[in-house]
Amino acid sequence: MAAETSDLARRMSSPVRTIPGDPTEPSQGLALCLSGGGYRAMLFHLGVLWRLNEAGVLPRLDRVSSVSGGSITAGVLALHWAQLEFDDTGRANAFSKIVDDIRRFASVTVDVGAVLTGLALPFVSVSDRVVRAYRRELFGKSILQNLPDKPTFVFNATNLESGVLFRFSKRYLADYRVGRVMEPDLPIAVAIAASSAFPPFLSPCTIDLSQEEWVTDPGNDLVGAEYRDELTLTDGGVYDNLGIETAWKQYRTILVSDGGGHLVPDPDPADDWGEQMVRVLKVIDNQVLALRKRQIIGAFKSPAGADHRDGVYVGIRSHVADYRLDDAMPADPKITDELAGLPTRLAAVSDTHQQRLINWGYTICDTGIRKHVMPELRPGQLPYPANPLTNRI
């Protein structure tokens with residue numbers, strides 16, 4: 001296992017994955033990484049952002065890197081960034097704009113309608129329906145060029161053709177094997193749809209880039225029209241469900257918010273080839289995620305050096321008691337484990353569960369940053385005190 005972890009660390013820091021113009025060594029900057037996990041993660045991350053806002057952290061961010069459900073939260077944050085009205089303490093006075101948009105969207109079911117329409121109307125793809133929902137409910141006609149210059153927002157998808165990460169940002173679209181498209185005018189809704197194209201039902205997301213001018217950089221080995229004209233993308237979490245790939249090599253301080261799912265034990269796994277293959281893929285995904293988490297925690301604990309990182313990991317399956325913070329905000333593990341077990345879907349979430357997911361992201365972020373990043377902070381107060389994490393529903 002140690003050899004596997006070491007190999008993962010080597011691959012994550014390998015220069016072949018860098019994009020020209022990116023720093024070759026980590027800077028002292030600050031990056032926030034938001035994982036996948038559907039609406040569950042989207043709401044959990046909102047709670048994390050809520051606490052970071054109160055702590056004055058948001059305007060200090062240099063990069064927000066996200067996948068899947070985390071990209072929805074990041075996209076809303078990016079869209080409203082210019083209107084947040086940060087005060088002298090670094091707090092956004094208009095943070096409620098983020099809350100209102102995400103909570104409204106969390107009451108809308110997207111996945112069922114998209115899949116049913118795709119089945120009934122083969123000429124309308126499922127991903128097209130998801131794009132329309134994102135455009136209608138959240139992003140309108142905004143394009144990547146409407147994103148702020150700082151922080152840099154990176155929405156990550158997985159390129160099924162090249163087998164590696166595909167990133168969307170204001171500066172460029174990029175795949176380290178295929179090349180770059182500079183200053184893209186692609187709609188934000190399309191980037192988020194690609195990043196959250198959960199397989200198999202919401203995947204793939206196909207993007208026509210045949211009219212774009214590609215930049216070929218040293219190391220690009222898939223530069224033919226067959227790889228550049230039309231891209232077949234799927235959920236960013238297939239490649240990196242924590243969203244750390246585009247931040248880890250560039251920044252010394254990394255804040256990781258993990259609202260992802262978990263492999264549930266099965267005492268009687270299916271023996272037919274279809275269901276068994278699904279189970280096998282889930283086991284593989286769970287192991288890859290475990291290795292990434294182990295590498296993150298290992299870097300936080302390592303002595304000063306090239307592999308060391310400052311920061312914190314907080315997860316929807318974390319327990320407050322594990323942080324050993326004397327004045328931690330209370331959270332019953334039975335309640336938080338139930339929240340972590342909510343399905344990974346783009347399906348409407350009840351008002352009660354919305355509030356509790358936000359409260360849980362807020363609480364575990366408060367615990368993590370006060371223990372490991374900002375010990376001078378005083379304990380926060382629940383965004384929704386009427387729905388504490390100490391009383392069962």
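Where is the place of Arg324? I found Arg324 in the loop between strand S11 (310-315) and H12. I kept in mind that this is a predicted model.

**Entry 1: two residues with positive phi**

I stayed with Arg324 for a moment. Its phi is near 55°, a positive value in a residue other than glycine. Arg324 counts as exposed because its relative accessibility is 70%, and exposed means over 50%.

I then looked up Glu183, which also is not a glycine and has a positive phi of about 45°. I located Glu183 in the loop between strand S6 (179-182) and H7. With 61% relative accessibility, Glu183 counts as exposed.

**Entry 2: helix H12 against helix H13**

I noted the crossing of H12 and H13 as left-handed.

Which residues make the contact? On H12 I listed Ile335, Thr336 and Leu339, and on H13 I listed His353, Arg356, Leu357 and Trp360. Sorting the residues of this contact of H12 with H13 gave me 4 nonpolar, 2 polar and 1 charged.

**Entry 3: H13 by itself**

I followed H13 along residues 351-372, 22 residues in total. From its first C-alpha to its last, H13 reaches 32 Å, close to the 32 Å expected at 1.5 Å a residue. I also checked burial: 17 of the 22 residues of H13 are buried, so H13 is largely enclosed by the rest of the structure.

**Entry 4: helix H4 against helix H6**

Next I turned to H4 (residues 96-105) and H6 (residues 126-139). They pack at an angle of about 140°, and their axes are 10 Å apart. H4 and H6 are therefore oblique to each other, and I noted that angles over 145 would count as roughly antiparallel. The crossing of H4 and H6 is right-handed.

In the contact I saw Asp101, Arg104 and Phe105 of H4 meeting Tyr134, Glu137 and Leu138 of H6. The residues of this contact of H4 with H6 divide into 3 nonpolar, no polar and 3 charged.

**Entry 5: cis peptide bonds**

Last, I looked up two bonds. Lys150 and Pro151 are joined by a cis peptide bond, with omega about 0°. I found Pro151 in the loop between H6 and strand S3 (152-159). A cis peptide bond also joins Ser203 and Pro204, with omega about 0°. Pro204 sits in the loop between helix H7 (188-195) and strand S7 (205-208).

How values were computed:
Residues numbered from 1 in each chain as written. Predicted model: local features only at pLDDT ≥ 70, side-chain atom pairs only at ≥ 80, totals over all residues. Heavy atoms only, no water. Axes fitted to C-alpha atoms, helices over the stretch in contact; angles between N-to-C directions. Helix = DSSP H or I, 4+ residues; strand = E, 2+ residues; numbered from the N terminus. Parallel < 35°, antiparallel > 145°, perpendicular 65-115°, else oblique. Left-handed = near helix turned anticlockwise from the far one by under 90°. Contact = heavy atoms within 4.5 Å. Nonpolar A, V, L, I, M, F, W, Y, C, P; charged D, E, K, R; others polar. Expected span 1.5 Å × (residues − 1). Buried < 20%, exposed > 50% of the residue type's maximum accessible area, 1.4 Å probe, protein only.
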